[in-house]
Amino acid sequence: MRVPDPRNNGNMPVYLQALKLIADYFAKPLAVSPVGPFTLAVELAGATDLTRSIIRNPDFVEELMIFTTDVVLNFAIEVSKTGAKLIQISEPSAVILSPGCLSGM
């Protein structure tokens, strides 16, 4: 898979355009909360398969996390250009990780 360009791929350009319009027309600071790399990995691989792969196929998980981190980082950079004043990366799927998994991060 290739890391998508937020300015040109999928629904991301429309989302960025909407954020720009909101930032330009409202006085309150714009806050955006995109999903984080682990949550995106869960969405791509599925929760069951990803959690099994943490133990059985850590190389796959590492490669997937590098990919999703690049996706989220590129998107966050473009979101910052829309006028967003706060970008909060949300990781709701991280609740399935044990503290031991997080110590290596």
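Which residues line the largest pocket? The legends below take that up, along with a few other close-ups. This is a predicted model, in which local features need pLDDT of at least 70, side-chain atom pairs count only at pLDDT 80 or more, and totals for chains, interfaces and linings use all residues. Residues are numbered from 1 along each chain as its sequence is written, and side-chain values use heavy atoms, with hydrogens and water left out.

**View 1. The largest pocket and its lining.** The lining is made up of Pro 4, Met 12, Tyr 15, Pro 34, Val 35, Leu 40, Val 71, Val 72 and Phe 75. A pocket here is an open set of points on a 1 Å grid over the protein atoms alone, where a 1.4 Å probe fits, with protein on both sides within 12 Å along at least five of seven lines; lining residues have an atom within 4 Å of a point. The volume comes to about 220 Å³, counted as the space filled by probe spheres set on the points, with grid points joined across faces, edges and corners. Helix H4 gives the most to this lining, with three residues, and H1 and H4 each supply at least two. By type, the lining has nine nonpolar residues, no polar and no charged ones. In this scheme Ala, Val, Leu, Ile, Met, Phe, Trp, Tyr, Cys and Pro are nonpolar, Asp, Glu, Lys and Arg are charged, and the others, Gly among them, are polar.

**View 2. The whole chain, for orientation.** Five helices and two strands make up the elements of the chain, and from the N terminus they run α-β-α-α-α-β-α. Helices (H or I, at least four residues) and strands (E, at least two) are DSSP runs, numbered from the N terminus. The C-alpha atoms fill a box of roughly 50 × 30 × 20 Å along the principal axes. Of the 105 residues, 30% count as buried; buried means under 20% relative accessible area, exposed over 50%, and partly exposed in between, with a 1.4 Å probe and protein chains only. Contacts (heavy atoms within 4.5 Å) tell you about the fold too: among those between residues at least 6 apart in sequence, 70% join residues at least 24 apart.

**View 3. An aromatic pair between H1 and H4.** The structure holds one aromatic pair. The ring centres of Tyr 15 and Phe 75 are 5.7 Å apart and the planes are at 25 degrees, so the pair is stacked. Tyr 15 belongs to helix H1 and Phe 75 to helix H4, and the pair links parts of the chain 60 residues apart. Rings of Phe, Tyr and Trp (its six-membered ring) pair if their centres lie within 6.5 Å; planes under 30 degrees apart are stacked, over 60 edge-to-face, and the rest tilted. Phe 75 is buried at 10% relative accessible area, while Tyr 15 is partly exposed at 41%.

**View 4. Glu 78 and its salt-bridge partner.** Glu 78 sits in helix H4 (residues 58-80) and is buried, with a relative accessible area of 12%. Arg 7 forms a salt bridge with Glu 78, the closest N and O atoms being 3.9 Å apart. Arg 7 lies in the segment before helix H1 (12-25) and Glu 78 in H4, so the pair ties together parts that are 71 residues apart in sequence. A salt bridge is a side-chain nitrogen of Lys or Arg within 4 Å of a carboxyl oxygen of Asp or Glu, and the count by this rule is four. Arg 7 also pairs with Asp 5, with closest N and O atoms 3.1 Å apart.

View 5. Asp 24 forms a salt bridge with Lys 20, the closest N and O atoms being 3.1 Å apart. The two are four residues apart in helix H1, separated by about one helical turn. Both are partly exposed, Asp 24 at 46% relative accessibility and Lys 20 at 37%. Elsewhere, salt bridges that share partners join Asp 5, Arg 7, Glu 78 and Lys 81 into one network.

**View 6. Leu 16 and its surroundings.** Leu 16 is found in helix H1 and is buried, at 8% relative accessible area. Leaving out residues up to four places away in sequence, Leu 16 touches Pro 6, Arg 7, Phe 75, Glu 78, Val 79 and Thr 82.
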